[in-house]
Amino acid sequence: MSKLSVESVFITGTSKGVGLGLVKGFLELPNPPKYVFASCIDPDNDEATELRDVASQNPSVTLVKLDVRSDAEIANAVTTVQRVLGQRGLNLLINNAAINSQVYGLESLTRDDIMSHCDCNVAGPLLVSQAMLPLLRKASKQNETHPLGCNRAAIVNVSTGLIKPQFWASEERRYSYALTKTATAIATVMMSRELSPDGILVAGMCPGWVKTDMGGPEACTTVEESAKSCLDRLGILGVEHCGIILLESNAFTM
């Protein structure tokens, strides 16, 4: 059973897939968060219909319009969190939003494809984390009697097994996605070293090969199974996991 007992969590990329699964999973915990901030590019579009349904049935959920590629929307998201939390800090930030264009092979690459992945998959989680940092530091201070972990203050960057070449299929050629997710894994280690003295845990987590638009129909894990696995792992994160990338069955450092 998960040991998670966070008061507040902010998740990016929640209109569908793993992000939406995490929102539902948090709400089903024995001790669910008092505040769940579910962000996506457009909470009012058709893609977010199920997310809106979840929010309408759960007053603890606040929908946040956030394209992680937009500095203005990041700033607005922070304002929303501050308004809802009042004097409380933010316990947990999960940087889940990412793109995977599925552009395949060196000859198919374009500068636009590479840079769009850099903007969303690397700059996005870094700048969202930067913006939320004062709220995370506040939570860490307010919960300083708690050990390092998600129940105190943490940033979790959603990762992928593709950051390690030994996990590649022999025909793997998705340059933009694999390279940018690897860069974010490196950033996870750097962030951990910088922020752990402030009582903020930073780690990475792979949700597995999940049956989503990104993972495809041949994937071996359902969204529900992935969300449960992620929540279980979030619940055990501690000082020994700082800078670690957690896969489904093992963990490693960059």
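Analyst: R137 is partly exposed, with a relative accessible area of 37%. By the cut-offs used here, buried means under 20% relative accessible area, exposed means over 50%, and partly exposed lies in between (1.4 Å probe, protein chains only). The model is predicted: local features need pLDDT of at least 70, side-chain atom pairs count only at pLDDT 80 or more, and totals for chains, interfaces and linings use all residues. Residues are numbered from 1 along each chain as its sequence is written, and side-chain values use heavy atoms, leaving out hydrogens and water.

What does R137 form with D198? A salt bridge, with the closest N and O atoms 2.9 Å apart. The pair links distant parts of the chain: R137 sits in helix 4, D198 in the loop between helix 5 (175-195) and strand 6, and 61 residues separate them. A salt bridge here is a side-chain nitrogen of Lys or Arg within 4 Å of a carboxyl oxygen of Asp or Glu. Helices (H or I, at least four residues) and strands (E, at least two) are DSSP runs, numbered from the N terminus. D198 is also partly exposed, at 31%.

The structure holds eight salt bridges. Another one joins E7 to R88, with the closest N and O atoms 3.0 Å apart. E7 lies in the segment before strand 1 and R88 in the loop between helix 3 and strand 4, so this pair ties together parts 81 residues apart in sequence. E7 has a relative accessible area of 26%. R88 has 30%. A further bridge pairs K141 with E144, at 3.6 Å between the closest N and O atoms. K141 counts as exposed at 57%, while E144 is partly exposed at 46%.

Now go back to helix 4, which spans residues 111-142. The buried residues of helix 3 pack against helix 4, as well as strand 1, strand 2 and strand 3 (61-65). Which residues of helix 3 are buried? They are E73, I74, A77, V78, T80, V81 and L85. Seen down the helix axis, they fall within an arc of 160°, so they line one face of helix 3. That arc is taken from the directions from the axis to the C-beta atoms. On the other side, D71, N76 and R83 are exposed. Just after helix 3, G86 takes a positive phi of about 65°.

Next, the nonpolar cores. A nonpolar core is a set of buried Ala, Val, Leu, Ile, Met, Phe, Trp, Tyr and Cys residues joined through side-chain atoms within 4.5 Å. The largest has 35 residues, and F26, I94 and L234 touch the most other members. Its largest share, six residues, comes from helix 1. Apart from this core lies another, of 26 residues, including V68, A77, C120 and A139. In soluble globular proteins, nonpolar side chains tend to be buried together.

Last, step back to the whole chain. Six helices and eight strands make up its secondary structure. Buried residues are 53% of the 254 in the chain. Contact means heavy atoms within 4.5 Å. Of the contacts with a separation of 6 or more, 75% join residues 24 or more positions apart.
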